[in-house]
Amino acid sequence: MANHRITIKQLRNHFAYSWWKYLLMLVLGCFGVDLLFAMTAYRPPEEKKIELYLCSGYADAVAIEADFWPELQARCPDQEEMTVMNINLSSGDIYAQMQFSTYAAARQGDVCLLPRSEFKKLTQEGADDAFLELTPYIASGVIDTGDIDLSGGRAMSASGEEGLYGIPADTLYGLFDYSCDPENSILCITTYSGNNDTAAVMVDLLLQKLCTEKPEGYDEMRAAQKAAEQSTTTQIFK
């Protein structure tokens, strides 16, 4: 009768030549479990989540999310998720522009803080293709713009009608608490936001919390920065 007992020597030989098979099985198993959880994990519907993209310079997105999420939940209790992302379009980094374009193409993002130059570029072919007209929210009191000069946020729709598609955010000096300079920036809501009403509340929260007194020495700082930029430009074209 044949002896089918497995010996220690046989096990050693087996694992010496086949250990990679077990490692591969373990890796594939972990990947499969992770994929299963990722595919079945609960995701809030569009009308219950808000995405804020801060694109006008550097901004501490983590701190803004921590500070504003409780405020937003207090005003909109049905909301389940808030995401804040910093994509610094003012840096001139081509990868930042590519990242923003990718998110826009995927129709992601509800509220954007954009450089004025980017706002103008996106509204050239018709502002209503990119951004929501904000007059109804201001008229109803959902968005309180106070004494902000709104002329910089006006643009033409694809049909040639003028409307308010952005709110100048230059006076949101509270952004300095998050390492962001608000000069030449615009707040707007994307047309593809699936959560327009909450996005309008988010804009109002930003205005009410961040419209603060101009920091001491701000004008001198901006003047020094502009002088440095002009000097650099002059040297380049010499």
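Hi everyone, a quick definition before we start: two strands count as paired if DSSP finds at least two bridges between them. Please keep in mind that this is a predicted model.

With that in hand, let's look at strand S3, residues 111-115. Strands S1 and S3 run parallel and are joined by 3 bridges. If you'd like a pair to find on screen, take Leu54, whose bridge partner in S3 is Leu113.

Now for the other neighbour, S2. S1 covers residues 49-54 and S2 covers residues 81-86, and these two strands pair in the parallel sense over 6 bridges. Here you can look for Glu51, which has Thr83 as its bridge partner in S2. How does the chain get from S1 to S2? It goes through H2, in a β-α-β crossover that is right-handed.

Stepping back to the sheet: it is open, with 5 strands in the order S2-S1-S3-S7-S6, and the pairing is mixed. S2 and strand S6 (167-168) are the edge strands, each pairing on one side only.

Let's return to helix H2. It lies across S1 and S2, and runs at about 150° to S2. H2, residues 61-75, also packs with helix H6, residues 196-210, at an angle of about 125° and with the axes 10 Å apart. The crossing of H2 past H6 is right-handed.

And who touches whom? From H2 we have Phe68, Glu71, Leu72 and Arg75, and they meet a set of H6 residues including Val201, Met202, Leu205 and Lys209. Sorted by class, this H2 contact with H6 has 7 nonpolar, 1 polar and 4 charged residues.

Note on methods: Residues numbered from 1 in each chain as written. Predicted model: local features only at pLDDT ≥ 70, side-chain atom pairs only at ≥ 80, totals over all residues. Heavy atoms only, no water. Axes fitted to C-alpha atoms, helices over the stretch in contact; angles between N-to-C directions. Helix = DSSP H or I, 4+ residues; strand = E, 2+ residues; numbered from the N terminus. Left-handed = near helix turned anticlockwise from the far one by under 90°. Contact = heavy atoms within 4.5 Å. Nonpolar A, V, L, I, M, F, W, Y, C, P; charged D, E, K, R; others polar. Right-handed = clockwise from strand over helix to strand, strands pointing away.
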